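Reader: I would like to learn how to read a protein model. Could you take me through one, feature by feature?

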Amino acid sequence: MSSSMNKYMFILGIVLLFHAAYSAAQHRSYLRLTEQEFTSLPADIVLQTIFSLLLAVFGVTMIAGEFKEIRSNIDLQKKTWKNLNNRPSFYTFNHRGHIFNPIAFSRSSSGKGALEAN
Amino acid sequence: MEKQYTHWEDVRDLLRNWREENCRQSEDVVDMWNDVLANHFGKLGDEGWLVLEQVFIAALDCHNMEVANFCLSKLNQEFPDSLRVKRLKAMKYEASEKYDHALDILDLIIKKDETNAASRKRKVTIYKSQGMIIEAIKELTDYLRIFMADQEAWMELCDLYISQQEWNKAAFCVEELMLHSPFNHLYLQRYAEIKYTQGGYENLEVARTYYSQAAKLNPKNVRALYGLMLTSVHMASNSKCPSQKKKESIKLSEWASNQLSQLQGSNDSKLFSSQILEGLGNLQIGNDSKN
């Protein structure tokens, strides 16, 4: 529910931001037509810009996903020695694994045939 | 096991998780491949090749040559010139204990591509599985001279040195690892364990420091807490220990054992664990340092 809310907030923010930009452009052209000096944008456009920017920023942060823990040891706390100490590139295969395999005895013969096939 | 994993997408996610988390689980991998994924290989897309490699290594680990052959031939069909597949072939020779064949292939790969780290590592394991630990160490130190940032290799070298009881060199390897990730409590714990094994008052003091840091980084690290308790008890009973530090050590050991009983109290085996802790305390103190 909240994720769709965030999406709407983000879209609303962007739309409002564009609207503010459009209003600012309109204001400038109005000033040019009436030949007035430009001093500053009207307060409502400025307010709308700031508000919509904040809304869009908030929305996009919430859409981007879960926040990560800023303390670096929190993620590391979940690591276990069992997985950390497991090194796939240093596996050796002459361990007791083959004893538990029911078809272990055919390993040398079948292994040879397949290697030659490759 | 894992009766709930019957849908191929679940299995794919599980295997992916295991690949990323570095779990060995070879038997389960092969079983799941046979039961579920083998029938849905086409749906895996590009990830399928990664899965095949994973299953292949797992099958070698269980010496299930049928599955291994299947995976290898599939990979070979898809990537006939790949050095990675050639390395897998070498691994298969290794598993069937034809080490010379494996070495030939690996040397060829390294000749073609000098930066092929994985093949260099396989050479180390070939020496290791033949029991030639000294040669394996030499090969691995040569490797580490080129690839200094390889944490896996430092860990392996550390274990090899430990098997040779070269504690100082093993400690050096873990120091290297700690530089790579200073907030990893497991490396700190490992370093403390090596120092504790070395023994002697100075080493115990170092071990205690590192155990404390490990326990600080992860208050639920039972092994670090046990280590902290044991080192501080040992230090308190050491004759070199000044009386000021003795008190400190006793306090620390009490704190650690409290921490442990709290941790274990939160599990169910309250009675059992408290008895063990008491027994450990009695065993370690032995003399009158605490009483």
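Reader: How many salt bridges does the rule count over all chains?

Author: A salt bridge is a side-chain nitrogen of Lys or Arg within 4 Å of a carboxyl oxygen of Asp or Glu. By this rule the count over all chains is 26. Before we go on, some ground rules. This is a predicted model, where local features need pLDDT of at least 70, side-chain atom pairs count only at pLDDT 80 or more, and totals for chains, interfaces and linings use all residues. Residues are numbered from 1 along each chain as its sequence is written, chains are lettered from A and ligands numbered from 1 in the order in which they are written, and side-chain values use heavy atoms, with hydrogens and water left out.

Reader: What is the secondary structure of chain A?

Author: Helices (H or I, at least four residues) and strands (E, at least two) are DSSP runs, numbered from the N terminus. Chain A has five helices and zero strands. Its pattern along the sequence is α-α-α-α-α.

Reader: How much of chain A is buried?

Author: Buried means under 20% relative accessible area, exposed means over 50%, and partly exposed is in between (1.4 Å probe, protein chains only). Chain A has 118 residues, and 28% of them count as buried.

Reader: Which feature does UniProt place at residues 47-67 of chain A?

Author: The unreviewed UniProt entry gives "transmembrane region" there. UniProt positions are in the numbering used here, feature names are shortened, and annotations may be inferred rather than shown by experiment. In the model, the span is 81% helix and 0% strand. Its end C-alpha atoms lie 29 Å apart.

Reader: How is the size of an interface given?

Author: It is often given as the accessible area lost when the parts come together. Buried area is that loss (1.4 Å probe), summed over both parts. Between chain A and chain B, about 3800 Å² is buried. Carbon and sulfur atoms give 54% of this area.

Reader: How many residues does each chain bring to the contact?

Author: Contact means heavy atoms within 4.5 Å. Chain A brings 32 residues and chain B brings 47 residues.

Reader: How many residue pairs are in polar contact across this interface?

Author: A polar contact is a pair of N or O atoms within 3.5 Å. Within protein, one atom must be able to donate a hydrogen and the other to accept it, and residues adjacent in sequence count only if both atoms are side-chain atoms. The rule finds twelve such residue pairs between chain A and chain B, both residues at pLDDT 80 or more. On the side of chain A that touches chain B, α3 (72-77), α4 (81-84) and α5 (107-117) each supply at least two residues. The most come from α5(A), with six residues. That side of chain A divides into ten nonpolar, 17 polar and five charged residues. Here Ala, Val, Leu, Ile, Met, Phe, Trp, Tyr, Cys and Pro count as nonpolar, Asp, Glu, Lys and Arg as charged, and the others, Gly among them, as polar.

Reader: How many salt bridges cross the interface of chain A and chain B?

Author: The rule finds two. R87(A) pairs with E156(B), with the closest N and O atoms 2.7 Å apart. This pair runs from helix α9 (residues 151-163) of chain B to the loop between α4 and α5 of chain A. Both E156(B) and R87(A) are buried. R87(A) also pairs with D159(B), at 3.0 Å between the closest N and O atoms.

Reader: Which parts of chain B does the pair R122(B) and E94(B) tie together?

Author: Their salt bridge has its closest N and O atoms 2.8 Å apart. R122(B) is in helix α7 (residues 117-129) and E94(B) in helix α5 (residues 83-95), so the pair ties together parts 28 residues apart in sequence. R122(B) counts as buried, at 2% relative accessibility. E94(B) counts as buried at 3%.

Reader: Is S253(B) buried or exposed?

Author: S253(B) has 5% relative accessibility, so it counts as buried. S253(B) lies in helix α14 (residues 243-266) of chain B. A polar atom of its side chain lies 2.9 Å from the backbone oxygen of I250(B).

Note on methods
Buried area is the accessible area (1.4 Å probe) that two parts lose on being put together, summed over both.
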